[in-house]
Amino acid sequence: MTTFLQTLMDAISVGSLYALIALGYTMVYGVLRFINFAHGDVFMLGAWFSFWVTTKFGWAGEGAHPSIPRALTVMAIAMALCGLLGYLIERLAYRPLRFAPRLNVLITAIGVSLLLQNTGQLKYVFGTENQRMPTLLPATTLATVAGVNITLIDVIIVAGSLVLMGVLDRLVYRSRMGMAMRAVAFDPHTASLMGVNVNRTVSATFVAGSMLAAAAGFLYATKYPNLNQPAFSTWTLLGLKAFIAAVVGGIGNIRGAMVGGLLIGLIEQFGVAYSAPLSHGYITGEFKEIYVFALLILVLLVKPSGILGRLTVEKV
Amino acid sequence: MADSPTTTARPIASIRARTLQLTPPRWVAFCRGAAPIVIGVALAVLLQFYANRWFGGYREKILIDIGINIILAVSLNIVNGYTGQFSIGHAGFMAVGAYTAGFIMYYGSFWLFGDTQFHGGILSATTDPRGLHGPGFSGGDLLFPAALIAGGLVAALFGFIVGLPSLRLRGDYLAIVTLGFGEIVRVVIETTGTVLAGDEIGGQPWYRLLNRVGGPMGFGGLPIYASSFWVWVCVAATVLAAYRIKASTMGRAFLAVRENEIAAASLGVPITRYKVRAFVIAAFFAGVAGGLFAHEIGNMLNAGELGFLKSFDIIIMVVLGGMGSISGAVVAAIVLTILPEALRSVSEFRMIAYALLLIVMMIARPQGLLGIHEMWDLPYFRRRRTGGKTA
Amino acid sequence: MSTLLDISGVSLSFGGVKAVSDFALKLNPGNLQGLIGPNGAGKTTVFNLITGVYRPDAGAIALDGRPLIGLPPHRIAQAGVARTFQNIRLFGNLSVLDNVRVACHLRAHHSITGALLRTARHLGGELAIERHAHELLDIFNLGFRADELACNLPYGDQRRLEIARALATDPKVLLLDEPAAGMNTQEKRRLAELIHFIRDSFRLTILLIDHDVGLIMGICDTITVLDHGQTIAVGPACDVQKDPKVIEAYLGEPADGAVR
């Protein structure tokens, strides 16, 4: 029982991170109808920016003094940097291809992804060494329920994700910019005729998505402080799983991304915890990736539009 | 009925009737069909005997790398270029072929010859064959091509399985499924156990050995068989197959699927069958390339190396050469194999340069250098061929 | 003579909108039938239903007594229904010749091993297809453009190439979706002659959609008029022209005491 509850706790915590990243994928897909492959790398850079800011401020090693204001400062700076990065990516790489075939945009996105990873691991930037994220949040255990420790970090991850998602939901469904986003998603051409500044709206979408990814990157780094080098396949896999969360929930659908994120978190964490005991050791926790991809293929075959998505049909 | 259609003969004869009339004699067709194969094998023999003498060992290895990359790029082109799908898991098929062929060569050698060493003759020799004192032809020379074909077939089976979702999925989604496939292959291989040494194999049933291909440490100890001869025979076969497919009615149906699925279906092209078929063909050749890669000199077969990055390498070759162009893929494979060797001193910038190249390419010349055309379709060559008559 | 294409009671709705309701049509061999109606009347939807792009909610479609409903589009093409598209769907990056050769694929014998080994039969088939395609292009006056990319053709040529390509599948029934769109009067007249010619020489049955009522009235034997998915008139051109419901659909409600 304790294992079950502990796994559930981890699943919710990791799942909300996936949901945060998935939101960026889903928003861009909703507006521009393409998979922003580079989004997972923005998430990675969010984690590395957090590390960089923390060390620059001297909050690592001897100057380390875990506190919530410091954590918030680091997260805000990482979000600002990634927001700027998201803007630049859209402006320089994707905007020239706004009306190009989707395959070309997809290839460009792969190019951007490779560019971010490999620039990140230049020795002048973050290097190819693994780093340890300094502790920014006190490792306090807030409560122990049925043998499960509820830590401050987990609470902050879940609460932070919920707050950010709430803000995004308000932004998209209750603000002028959100209305413009939904209009562009529906039909960019008509939206522009109605006086919506399409370029600005698309930029805003990228900035918002990248900031969420940066927040997820920061929270991830605080929970799992071992940072792999920027081009390590772990990052790509994390980004990919977040993307799968978006697809499973119904791509282009913001609430779907949240549902999908939680679902992926559950499958992955329970896969890790229960694979080996249930299969007498034949299947190891390594197979969690396979469960996630199996879920993706299953959803795509049964309901290609995702759990909450709607299907679009090509007009003949 | 008064207004029944006129019963005049059709203005043109039916295709079926004409086919019989235009079919050339068997021996003519055989000579024309076999000629490129003969030339390809002859070139491969030439390289096998002289590459080492002319270029030296290091450059011969680069030539072999080039050959393997040509096979990969040309085969991926069948999926990404011809049918316009987007597979980013090509290295996954390569890994499947590599491990299948490796398994057969390693454990098969033990079963056939009693040890896991090299048992080839001149054709499989990777050093200067003049210095060779063994037999001219040996059992390994048969086992290796069999292993390559087996690797290709198993990869093709996986190609069929991966191609099936293309019945339902388009574009980006399919890309993700192929990427996922590549990762699953890698993860599964990495959960296997260590390779058994020669004295541990005896008495084990073969299915227990399936789990003994090295896991995260790599499949070490594979005999070196990927000589210039085998590599270039495979290159010739791949390029010839890709060209003949493209130049046939079936190949044009692939291109039609890429250009406009709805129109292709309205003309009777079974779209899904063609898409799956493209996956199967491409996966077969990727599997063969994997088999060669596994037995290449100086390589250690490791699933970790056959991940996304390898797939991206191949994609870049296809995109650069031109989606759908065989000669473009060949040229791009050559250039992108030599370039990193030449730029070894600044190798950390290699992937950055590739990435920038991809982005700039997509913005400036999205169809790649040659688009779907071949080199001999370029205006320069065309003018020379027709004596300057074309406008 | 037996009915070639038999459509009865076909309905389709998208969400709550009835795109086509209770549509019926019988084509005898050699018929040249027109299908007209104002924008959004459901004409193209009828084509999409026949060719299997959409599946009807109710009704039956049969070719030569063989039911077509539920078959995928390529099977329907194999059964002998070819079509052109309102928004031209050529294979833009293929040459004009290749566009037609793709369509010959249906009637040719070919296998992957034949292609890989270049067997005698394969070579004969490819040669036959090439000649066939060239002759079709000549009929449509496109022979001299065979090597050009389809996307580089002028608009009228693209429309004619689409018809040539559809013919290359050797169909029994040809569905033409606005073949005269964007053509001038002279081109339209020539197109009308061409349609008559191919109907007779290929022994085809043709169903034709167009906006240009004049063109349709000029070449079709009978005409079906659709409005809001409903069939409002069927009959020979001269009768349909006078039908008050048709006039209403095209010109709107007649005012009281308007001159008829």
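## Burial in chain A

Of the 316 residues in chain A, 55% are buried. This is a predicted model. Burial here means a relative accessible area under 20%.

The surface of chain A comes to about 13600 Å².

## Overall build of chain A

Chain A contains 11 helices and 4 strands. Its radius of gyration is 20 Å, close to the 20 Å from the globule rule for 316 residues, so chain A is as compact as a globular protein of that length. The C-alpha trace of chain A spans about 60 × 45 × 35 Å along its principal axes.

Take the contacts in chain A with a separation of 6 or more: 76% of them join residues 24 or more positions apart.

## Charge on chain A

Chain A carries 21 positive side chains and 12 negative ones.

## A sheet in chain C

Now to chain C. Here 4 strands make an open sheet, and their order is E2-E1-E4-E5. The pairing is antiparallel. Strand E2 (17–27) and strand E5 (66–67) of chain C are the edge strands, and each pairs on one side only.

At the E5 end, strand E4 (residues 58–63) of chain C pairs with E5(C) over 2 bridges. The sense is antiparallel. Across this pairing, Leu63(C) stands opposite Arg66(C), a residue of E5(C).

## Two aspartates with positive phi

The loop between E4 and E5 of chain C holds Asp64(C). Asp64(C) is not a glycine, yet its phi is positive, at about 55 degrees. Its relative accessibility is 45%, so Asp64(C) counts as partly exposed. The partly exposed class runs between the buried limit of 20% and the exposed limit of 50%.

Asp170(C) also has a positive phi without being a glycine, at about 60 degrees. Asp170(C) sits in the loop between helix H6 (155–167) and strand E7 (173–177) of chain C. With a relative accessible area of 34%, Asp170(C) is partly exposed.

## In brief

Chain A has 11 helices and 4 strands, and 55% of its residues are buried. In chain C, the open sheet runs E2-E1-E4-E5. Asp64(C) lies in the loop between E4 and E5 of chain C, and Asp170(C) in the loop between H6 and E7 of chain C.

Technical notes
Residues are numbered from 1 along each chain as its sequence is written. Chains are lettered from A and ligands numbered from 1 in the order in which they are written. This is a predicted model: local features need pLDDT of at least 70, side-chain atom pairs count only at pLDDT 80 or more; totals for chains, interfaces and linings use all residues. Side-chain values use heavy atoms; hydrogens and water are left out. The radius of gyration is taken over C-alpha atoms; the globule rule is 2.2 Å times the number of residues to the power 0.38. Buried means under 20% relative accessible area, exposed over 50%, partly exposed in between (1.4 Å probe, protein chains only). Contact means heavy atoms within 4.5 Å. Accessible areas come from the Shrake-Rupley method with a 1.4 Å probe; for residues, only the protein chains shown count as cover. Lys and Arg count as positive and Asp and Glu as negative; His and the chain ends are not counted. The place of a charge is taken as NZ of Lys, CZ of Arg, CG of Asp or CD of Glu. Two strands pair if DSSP finds at least two bridges between them.
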